[in-house]
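Please open the model in your viewer and keep the selection panel at hand. The stops below follow one another as selections, each with a note on what is to be found there.

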Amino acid sequence: MSENNLKEVWNLALNQIEEEYRNTGKELDFKLWFKMTYLEDNIQTIKVSVPSSFMWQQMITKDIVNVVKEKIKNLMGLSDLEIEPVINESQISNISEEPEKIIKTTSAKKTEEVIPKSEKNDFTAPPSTPKNKKSKPNNSTLDENFTFETFIPGEGSSSKFAYNVSLSVADNPGIKANPVLLYGGVGLGKTHLMQAIGNRILENSDGNLKICYIQAESFLNEFTSSLLNRNSDKFKNKYRNLDVLLLDDIHFLQNKTGIQDELFYTFEALHKKKAQMIFTCDRPLKEIQNMADRLVSRLGSGMCLDLQPPNYETRKAILQKKLEIKKKDLPEEFIDYIAKTVETNIRDLESALTKVLGYVEFIDTNITIENVQQLLSNLYSSPAVGNISIENILKVVADNYNITVSDLKGKKRDQKVSTARFIAIYIAREMTEYSFTELGNEFGGRDHSSIMHAYNKINERIQTDSSYMARIKSLMNDVKKFKS
């Protein structure tokens, strides 16, 4: 029987979380995303009312639900707790259904990624149709939203070149360029372009091609499972007989010699039969540690395409395209502000847009540019103007971590030095006007994608860890004091 055992604890937890958000200047975030109303519980499960499945999915994606769960578990000393939603759309009458469809598609894609591939057919298996009726083939491992039509490359950019090459490859698989390696920082469109190639090949095919998109982690898990179950021949036959292999995030395979050997032999088999291969990586191949030389040689033997952060014009075009897809409108000055403020990557750009649209839908339809600036200020602060130097930042961070400036610029990779280096990069990006490429030069000649990766790692953590955010702000204050 449902009771109200945890109602007071729920209220206490929400109050504490709200206070934490207020103390870090994120009060608007709390009002926007913590849209859960306590209903009842049975100790193990708390039922809450939420305005829509769209909002619930957003709260899961942004880790809001987990924040509440952990807070209550800590307060009560519980080892496990579930929060179960009860959709109550009457709470908000003007919720758009279009974002819900997008979230459902995204959720379905994420579900695909965690299901062991051995448990399902990864290949194109379109249903048979009458000869006089042509239907679009379907592939469960490809996201149909990732197409060339929805990718905005921008004029005169590295992404434009990558886009043109990818389009040519999609129309001439196994002929124009093989293999293709797409590399760059997180959120720059590597997976989008990769799957766009797969979707175009699938669309142009007669339905007989074997096409597989898979993440490197899932590829490794399936390989390991095949060894444990003594059916490695099944794994080999599956991947060595493909017509198109789309392998995402190959940097995940560093330090893993067994799967590297298997990928090498899979590459050889596919290359021999002129099967198209597409790979993605978050950095240039030369920067991947402990990857077999012969595999690096094969992966880099075709076309290597570097995706870099979009410029202002491209960012604005991306926002306009996203609004078109979502069937939404925003004032031109809002779009312009987001495009100028969010310089990191496409993923952050879309996240900022979603945040503003969410505020309009759920909080205030009369939003002003000042509201937009406040909403995004904590996540995407403009670079500070002034004469704060990189050298001062390095000295402050090095002193705080009891290491040297040379350590921060050098090749050491132990946890202490790596953490300090990531923090120094984040602070430098926030407090100076240096670009990612310029910061790479300052931090020992590192690639811009490595710098962006470090920045994004810290940025992600401070959004969910208030104590970590306080730590970063304290160091930034030390930098300001050091300067004066």
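Predicted model: local features only at pLDDT ≥ 70, side-chain atom pairs only at ≥ 80, totals over all residues.

Select Lys160, which is partly exposed at a relative accessible area of 22%, where buried means under 20%, exposed over 50% and partly exposed in between, with a 1.4 Å probe and protein chains only. Lys160 lies in helix α6 (residues 158-171), helices being DSSP runs of H or I of at least four residues, numbered from the N terminus.

Residues are numbered from 1 along each chain as its sequence is written, and side-chain values use heavy atoms, with hydrogens and water left out.

Next, select the cysteines. The structure holds zero disulfides, a disulfide being a pair of cysteine sulfur atoms within 2.5 Å. Cys304 is partly exposed at 35% relative accessibility, and its sulfur is 9.9 Å from the closest cysteine sulfur, in Cys281, which is too far for a bond. Cys212, by contrast, is buried, with a relative accessible area of 0%.

Finally, select helix α14 (residues 346-362) together with helix α15 (residues 369-377), which pack at an angle of about 130° with their axes 10 Å apart; the axes are lines fitted to C-alpha atoms over the stretch in contact, and angles run from 0 to 180 degrees between N-to-C directions. Ala352, Lys355, Val356 and Tyr359 in α14 meet Asn371, Val372, Leu375 and Leu376 in α15, contact meaning heavy atoms within 4.5 Å.

Key
Helix = DSSP H or I, 4+ residues; strand = E, 2+ residues; numbered from the N terminus.
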